[in-house]
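Let's take a friendly walk through this model together. Keep the sequence and the 3D view at hand as you read.

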Amino acid sequence: MQCAIRAVALTRKNALLAGHEVGAENWELLASIVAICKLNDVSPAAYIAETLQAILDGYPQSRIEEFMPWNFWKASSPDA
């Protein structure tokens, strides 16, 4: 767990060098999503791609909990 915390802290510090406050906030958000996916054994690229596709397809906002990284693996696995 300490390694995960260090990686997030390092990424947060690197985001300070993004050149613009909004860019740094976006970088930190993306880094957080990737870190949470890794902690939940979910491919970050697959998670982001499927989540964005669901938003484009009009996925109901009331069921957004199904797309949280800790629920994503269950919802996207062929066995579910």
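## How two helices cross

Helix α2 passes α3 in a right-handed crossing. This is a predicted model, so please read every value below as computed from it. The two helices, α2 and α3 (residues 44-56), pack with their axes 9 Å apart and at an angle of about 115°.

Which residues bring them together? On the α2 side they are Leu 30, Ile 33, Val 34, Cys 37 and Lys 38, and these meet Pro 44, Tyr 47 and Ile 48 of α3. Sorted by class, this contact of α2 with α3 holds seven nonpolar residues, one charged residue and no polar ones.

## The overall plan

Stepping back, the protein has four helices and zero strands. Along the sequence this reads as α-α-α-α. The protein has 80 residues, and 15% of them count as buried. If you take the contacts between residues at least 6 apart in sequence, 35% join residues at least 24 apart.

How does the span of α2 agree with its number of residues? Helix α2 covers residues 21-39, and at 1.5 Å a residue its 19 residues should span 27 Å; the C-alpha atoms at its ends are 27 Å apart, so the two values agree.

Just after α2 comes Asp 41, with a positive phi of about 55°. That is a positive value in a residue other than glycine. Asp 41 sits in the loop between α2 and α3. Is Asp 41 buried or exposed? Its relative accessible area is 63%, over the 50% cut-off, so Asp 41 counts as exposed.

Now have a look at Phe 72, which has its place in helix α4 (residues 69-76). Phe 72 counts as buried because its relative accessibility is 4%, under the 20% cut-off. Setting aside residues up to four places away in sequence, Phe 72 touches Val 42, Ala 46, Tyr 47, Glu 50, Glu 66 and Phe 67. The C-alpha atoms of Phe 72 and Ser 43 are separated by 9.9 Å, although these residues are 29 apart along the chain.

Phe 72 also belongs to the largest nonpolar core, whose six residues include Cys 37, Val 42, Tyr 47, Ala 54 and Phe 67. In soluble globular proteins, nonpolar side chains tend to be buried together. Two members of this core, Cys 37 and Tyr 47, also take part in the contact between α2 and α3.

Methods: Residues numbered from 1 in each chain as written. Predicted model: local features only at pLDDT ≥ 70, side-chain atom pairs only at ≥ 80, totals over all residues. Heavy atoms only, no water. Expected span 1.5 Å × (residues − 1). Axes fitted to C-alpha atoms, helices over the stretch in contact; angles between N-to-C directions. Left-handed = near helix turned anticlockwise from the far one by under 90°. Contact = heavy atoms within 4.5 Å. Nonpolar A, V, L, I, M, F, W, Y, C, P; charged D, E, K, R; others polar. Core = buried A, V, L, I, M, F, W, Y, C linked by side-chain atoms within 4.5 Å. Buried < 20%, exposed > 50% of the residue type's maximum accessible area, 1.4 Å probe, protein only.
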